[in-house]
Protein chains: 2
Amino acid sequence: MSTTTVQQGRSERFPFELVRPQLEKVEASIRDQVRAFDPAVEPYVSYVCNTSGKRIRPALSVLTGGALGGVEENHLKIGVILELIHMATLVHDDIIDGAVTRRMIPTANAKWGSGLSVLLGDALFSHALHLATEFEDISICRKVGHASREVCQGEIVQTQRRWDLTLTKADYFRIIEMKTGALFAAATGIAAALSGADAETESRMFDYGMKLGTAYQIYDDCLDLVGSEEDVGKTLRTDLEKGKLTLPILNLLESASESQRAKLTKRIVNQEALDLPVLVGIAEYEGAIESAVDTAANMLGTCRDHLVGLPGSEHVEALEQITWFLAALLEKCRR
Amino acid sequence: MSTTTVQQGRSERFPFELVRPQLEKVEASIRDQVRAFDPAVEPYVSYVCNTSGKRIRPALSVLTGGALGGVEENHLKIGVILELIHMATLVHDDIIDGAVTRRMIPTANAKWGSGLSVLLGDALFSHALHLATEFEDISICRKVGHASREVCQGEIVQTQRRWDLTLTKADYFRIIEMKTGALFAAATGIAAALSGADAETESRMFDYGMKLGTAYQIYDDCLDLVGSEEDVGKTLRTDLEKGKLTLPILNLLESASESQRAKLTKRIVNQEALDLPVLVGIAEYEGAIESAVDTAANMLGTCRDHLVGLPGSEHVEALEQITWFLAALLEKCRR
């Protein structure tokens with residue numbers, strides 16, 4: 001399998017060129033959803049739908065469809081549904097995090113306040129689940145419902161365990177599997193089901209999405225520490241400010257000497273903001289990032305293992321390239 | 001048909017005695033739902049599920065089942081689902097309204113802050129929609145999805161049009177049909193579908209619920225003006241404080257003299273809180289309440305018309321009694 005795309009450069013654009021025409025249809029369909037809303041609600045939905053996300057979840061559904069016999073309308077549709085659920089969670093996350101910028105533009109709560117944003121998220125979410133009921137096969141609808149529930153629960157557990165020093169790495173992985181892995185896994189797993197894949201293939205594709213989503217979240221958690229707001233286009237350092245104990249922080253706590261850990265835990269217990277200079281000054285910060293990057297890189301290896309044995313095609317190659325692309329982004333966090 | 005229950009007294013308990021055993025099962029099932037959540041999420045869900053709501057929506061589903069051939073498990077199940085959706089919207093409403101008390105106890109946002117409450121509402125909502133996917137018949141799931149979307153949109157339009165003097169009565173009715181009518185109509189309409197009712201009967205039962213829900217919302221809007229917090233067990237006068245132009249307020253604006261209207265609109269345009277003494281001092285306040293009560297009473301008449309022609313049974317009588325019970329509550333607002 002070729003990995004030329006990644007070798008050619010470290011572009012921030014995910015390697016979705018192969019399915020660009022289908023993703024444009026997804027994009028148009030997302031924009032079209034505003035028509036399903038009451039005219040008074042349209043401008044709000046429209047604002048959120050027109051911001052250009054990376055559309056990773058729809059791309060995964062489309063690529064999985066292509067890898068398993070051919071892309072059908074239903075693969076686009078499940079992509080739209082999962083993206084709408086994702087967008088709903090972003091609107092609610094931004095309220096909770098008090099984030100004012102996302103994808104270079106003001107968040108819904110910065111624009112209209114948290115009250116309306118709570119409702120906007122609800123409307124997107126209920127619309128997505130309504131769309132899911134349009135599939136003939138109710139088992140598809142069930143899988144969408146299950147994934148949504150996982151996402152919501154993951155967000156709650158994360159919020160509830162802020163500043164909580166008893167959080168283990170196992171807890172952290174469970175949280176990110178729920179909050180991020182679940183929708184990635186739904187994208188690839190449901191797409192496989194829509195292609196009529198056998199149970200084993202569906203399960204492998206589900207786990208490809210789960211591991212990819214988990215690795216992606218680890219990347220996002222590292223980026224929150226080491227990224228620049230200008231490059232990333234959203235408010236950063238919020239994890240530290242809000243007491244989210246992400247993998248690099250957990251690594252830091254683990255590798256710190258007793259006196260370093262005492263300093264760190266004192267700050268966490270007192271809910272003092274943990275900013276970067278503080279961390280760098282206290283413990284072996286770079287090693288903590290390195291170790292998180294290694295963990296995610298291993299997961300991406302598992303993703304590639306899941307693809308072995310699928311009939312060779314450019315769609316399977318693209319699914320592999322995504323893992324290399326993310327691996328390259330992760331490498332950049334090591335600097 | 002007998003109306004003895006209402007004539008006997010003006011108890012605040014809805015006349016659901018006939019289906020008390022089934023409602024106890026619904027109650028137990030609602031409490032049981034906490035087990036479907038991650039252990040870390042349970043305490044929050046449990047807190048919300050253990051507050052004693054009136055369970056109007058489940059009662060309507062069960063009574064409709066009984067009226068159309070017999071109560072089945074599915075009638076209880078749809079009741080649980082709609083009640084969970086209702087509970088999710090209450091959690092989010094309380095955030096938006098900044099309400100600190102509901103059903104005599106602190107609201108979720110008063111207890112845990114709005115961040116966690118946003119997520120708690122999401123979790124309840126996604127769980128309810130997940131439960132809906134367990135019906136064999138996907139059309140039931142679709143109806144639940146449709147109702148949820150209506151509720152969310154109704155809430156948005158209401159929020160968006162606060163302090164908006166261009167709001168017409170038609171706008172108001174559309175808002176309350178979406179935000180309250182939709183779930184009542186789902187309770188009776190879906191219950192009829194589950195009983196295998198013909199399309200005309202399903203449509204009549206749907207409209208029974210729609211009109212009952214709309215009348216109930218008008219009652220709630222009057223109560224916000226004339227009720228006592230002690231009796232009602234929740235924060236009142238929030239509509240006025242938040243600029244919600246409810247039917248009595250719209251009546252007041254309509255019946256006011258030009259100078260009275262000028263005073264009222266000035267306050268609204270400046271987003272000054274419209275408290276009760278202000279209203280009483282400005283215009284013909286009692287007439288505005290009276291007229292709203294009349295409107296709701298007419299809707300309850302339509303509800304009764306929809307029941308005519310159903311085979312006589314104690315369940316049909318109970319559905320009629322509910323309309324008389326609500327009519328009696330409405331009458332109390334006239335004082």
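Because the model is predicted, local features are reported at pLDDT of at least 70 and side-chain atom pairs at pLDDT 80 or more, whereas totals for chains, interfaces and linings use all residues. Residues are numbered from 1 along each chain as its sequence is written, chains are lettered from A and ligands numbered from 1 in the order in which they are written, and side-chain values use heavy atoms, with hydrogens and water left out.

Secondary structure elements are DSSP runs numbered from the N terminus (helices: H or I, at least four residues; strands: E, at least two). Helix α2 of chain A, residues 20-32, contains 13 residues. From first to last C-alpha it reaches 18 Å, close to the expected 18 Å at 1.5 Å a residue; the expected span is 1.5 Å times one less than the number of residues. Buried residues in α2(A) are L23(A), V26(A), E27(A) and I30(A), where buried means under 20% relative accessible area, exposed over 50%, and partly exposed in between (1.4 Å probe, protein chains only). The buried residues of α2(A) fall within an arc of 100° when seen down the axis, so they line one face of the helix; the arc is that of the directions from the helix axis to the C-beta atoms. P21(A), E24(A) and K25(A), on the other side of α2(A), are exposed. The cover over the buried residues of α2(A) includes α3 (42-49), α4 (56-67) and α5 (73-97) of chain A.

Between the two chains, 41 residues of chain A are in contact with 41 residues of chain B, contact meaning heavy atoms within 4.5 Å. The size of an interface is often given as the accessible area lost when the parts come together. For chains A and B the buried area is about 3800 Å², with carbon and sulfur atoms giving 68%; buried area is the accessible area (1.4 Å probe) that two parts lose on being put together, summed over both.

Two salt bridges are counted between chain A and chain B, a salt bridge being a side-chain nitrogen of Lys or Arg within 4 Å of a carboxyl oxygen of Asp or Glu. R174(A) and D38(B) form a salt bridge through their side chains, at 2.2 Å from N to O. Twelve residue pairs, both members at pLDDT 80 or more, are in polar contact between chain A and chain B. A polar contact is a pair of N or O atoms within 3.5 Å; within protein, one must be able to donate a hydrogen and the other to accept it, and residues adjacent in sequence count only if both atoms are side-chain atoms. On the side of chain A that touches chain B, the elements giving two or more residues are α5, α6 (108-132), α7 and α8 (169-194) of chain A. The largest share of that side, 14 residues, comes from α7(A).

Q153(A) is found in helix α7 of chain A, residues 138-160. Q153(A) is buried, at 2% relative accessibility. Leaving out residues up to four places away in sequence, Q153(A) touches M178(A) as well as A36(B), F37(B), D38(B) and V41(B).

Over all chains, 36 salt bridges are counted. In the one between E254(A) and K169(A), the closest N and O atoms are 3.0 Å apart. E254(A) lies in helix α12 (residues 247-255) and K169(A) in helix α8 of chain A, so the pair ties together parts that are 85 residues apart in sequence. E254(A) is exposed, at 55% relative accessible area, and K169(A) is partly exposed, at 25%. R204(A) and E200(A) also form a salt bridge, with the closest N and O atoms 3.6 Å apart. Both lie in helix α9 (residues 199-226) of chain A, four residues apart, about one turn of the helix. R204(A) is buried at 19%, whereas E200(A) is exposed at 52%. A network of salt bridges links D97(A), R162(A), D239(A) and K244(A).

W163(A) has a phi near 60°, a positive value in a residue other than glycine. W163(A) is placed in the loop between α7 and α8 of chain A and is buried, at 15% relative accessibility. In chain B, phi of W163(B) is near 60°. W163(B) lies in the loop between α7 (138-160) and α8 (169-194) of chain B and is buried, at 16%.
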